[in-house]
Amino acid sequence: MAENTEITIPVADPNDPYAVPAAMPSSADRAPRSFDLDAFAMPTSRQEEWRYTPLDRVAEFLDVFEPSGLTTVEVTGIDGSPLDPAQVGVEVVDRTVAPSGTVSKPSDRISAVEWNVVKTATVVTLHGDVAQPVRITVTGGGDAPDALHLVIAADAGTHADVVVEHHGMARLAEGVEIVTGRDSNLSTTFIQEWEKGSKHVGGHRIHVGENASLRHSMVTLGGDVVRIRMDQDFGGPQGDLNMLGIYFADPGEHIEHRTMVVHNHPDCKSRVVYKGALDGQGAHSTWVGNALIQPTAPGTDSYELNRNLVLTPGAIADSEPNLEIENGNIIGAGHASSVGRFDDEELFYLQSRGIPETEARKLVVRGFFGELVEEIGIPQIGDHLMSIIDRRLARGESEAMTTVWEEK
Amino acid sequence: MSTLEIKDLYASVETKDGRKQILKGVNLTVNSGETHAIMGPNGSGKSTLAYTLAGHPKYEVESGQVLLDGEDLLTMTPDERAKAGLFLAMQYPVEVPGVSMTNFLRTAKTEIDGQAPAIRTWTKELTEAMKRLKMDPKFATRSVNEGFSGGEKKRAEVLQLELLKPKFAVLDETDSGLDVDALRIVSEGVNRARENTGLGILMVTHYTRILKYIKPDIVHVFADGHFVKTGGPELADELEESGYDQFLPEGADSESALA
């Protein structure tokens, strides 16, 4: 008997990570974090991080470029009214002035390029109980590539809601830093409502303070290529992170969200729920949900879920949850993932009640997303989101149906 | 006063053994306010008739016509047929996750009527209709048919029948899977719809039980893809006595012949 045989676990080749099934790449993600562009190799589709991304369609963002500077940013109350400067500060500063550049470091080449080409950062600081949601409107600058750096910083004890809306035609590399102070309670909702042909790449770097809660929502309803990576960690125990995502991919569009949740402190909770609908030939969505529970994080409660609804044949949804648990003393760590089809029998049932095929699809999509929007729990934001989703679904809508939804 | 006419209807379905003809020359005329019971053995094509009328894509019409007040339903999509005034209460209503009953009903009502119902009167109408069918109000907020029991699904079908007010309803074994109380409640709903709107009914069933609650004017026997006998309510009693064997071809091994 070979009692003393030592077990050797084969090490994955970074250039071909799936060659050895026993040595799957770690979701712990030991990839570099750096402001230095040279720390990141040029992406190829053979790298785990980039395997789903159509690299040829984001080529302009993979190396240093001269930003057009044509993207505009406006910060107001949700209804367009001015903000109280005592509660909401808005500044455009050199990108190296804190808090800009203080939340972790770029985690991939696109983010490193963004940092290296952008000159200034728009910094929105939040203090106290901010009653009215803050709206940050980002309007694309057209065909020429541009870069934007946005920082949202909530002081200790702050309660605030922020909605970031992206409109227009854009080729944008956007870096976002979100930092929340101790005992704060912040919601940030990012809406991508780009015009057809737009491109949006970038990353969010998120730091959730001790005993603070952050609800981070992504709503991506348009764009030729959208690829956004979210990296998060906690600043102390009792942090609560709730990430919600809604996306809708049309024919030929690539919509990619990657979430990286890191439990590095005890007794923190995280939820990641992303739902997407895909319609038509070549519609492609990607969700990669990474969760890492470090040895320093006992009492962790984490869960991630992704659901995809394929409305018509020819669409592809990639869904990949990755969990790495380095601490046995936790409350929970779960994940679920599914890709389902809008069923012919469901369609027939709705049709047999007088609902035409296109309306039936919309009804199902609206319900599919509505469940998630309801969870947001802030009526002003939930209503706003539903109206945006309806607007997205309402292309060519009959007037009677619009009324039904508005009356809801 | 409306008329639904089925004229020499032939339809087939794709099976793993190839295309199989199920409806073989169906002829029937139903007028507003009339209730026709369609009885017959398993596998005779009763449900196929129901689904073919409603336009399920699985069934292919080979020839014939279905005219609702002179307009051919067979050239219409299922939603157009519903708008024309046809309703199919399904034997196995489909679950539609994520779509609330409230939204579904309001959307259907808007499509059928061509305009959104006034919100106050609609809510009242819905609440009262649910109450009469002894449905828990919380059903309105649940997803369409999701997690409903068999009996609850049938009540939800009759609820739609009452709210959408079609000219003709095909009830496909609406009585199956119901206990006595549920059968009575569901039947009362159908009877109300008939009294209130002059609904014409095609009631597909195996059993005479439901005919005690929903009185038919005319009873038909359906076998081997077409109507083989037509009579008054007394025909149902006769079938109860003698079964369907007399209507089956010699040596046919239908389920009821074997039973």
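**View 1. The end of helix α4 in chain B.** Everything shown here and in the views below belongs to a predicted model. How far apart are the end C-alpha atoms of α4(B), the helix of residues 119-132? They are 20 Å apart, and this agrees with expectation because 14 residues at 1.5 Å a residue should span 20 Å.

**View 2. Strands β4 and β6 of chain A.** Here you can follow β4(A), residues 134-139, alongside β6(A), residues 159-167; the two pair in the parallel sense over 6 bridges. A handy place to start looking is I136(A), which stands opposite V164(A) of β6(A). As a reminder for reading such views, side chains in a regular strand alternate between the two faces of the sheet.

View 3. To find your way, look for H159(A), which has N185(A) of β8(A) opposite.

**View 4. Where chain A meets chain B.** How many residues does each chain bring to the contact? Chain A brings 23 and chain B brings 28. On the side of chain A that touches chain B, the elements giving two or more residues are α2 (344-351), α3 (357-376) and α5 (399-406) of chain A. Of these, α2(A) provides the largest share, with 7 residues. Sorted by class, this side of chain A holds 11 nonpolar, 5 polar and 7 charged residues.

Terms used: Residues are numbered from 1 along each chain as its sequence is written. Chains are lettered from A and ligands numbered from 1 in the order in which they are written. This is a predicted model: local features need pLDDT of at least 70, side-chain atom pairs count only at pLDDT 80 or more; totals for chains, interfaces and linings use all residues. Two strands pair if DSSP finds at least two bridges between them. Helices (H or I, at least four residues) and strands (E, at least two) are DSSP runs, numbered from the N terminus. The expected span of a helix is 1.5 Å times one less than its number of residues. Two residues are in contact if their C-beta atoms, placed from the backbone, lie within 7 Å. Ala, Val, Leu, Ile, Met, Phe, Trp, Tyr, Cys and Pro count as nonpolar, Asp, Glu, Lys and Arg as charged, and the others, Gly among them, as polar.
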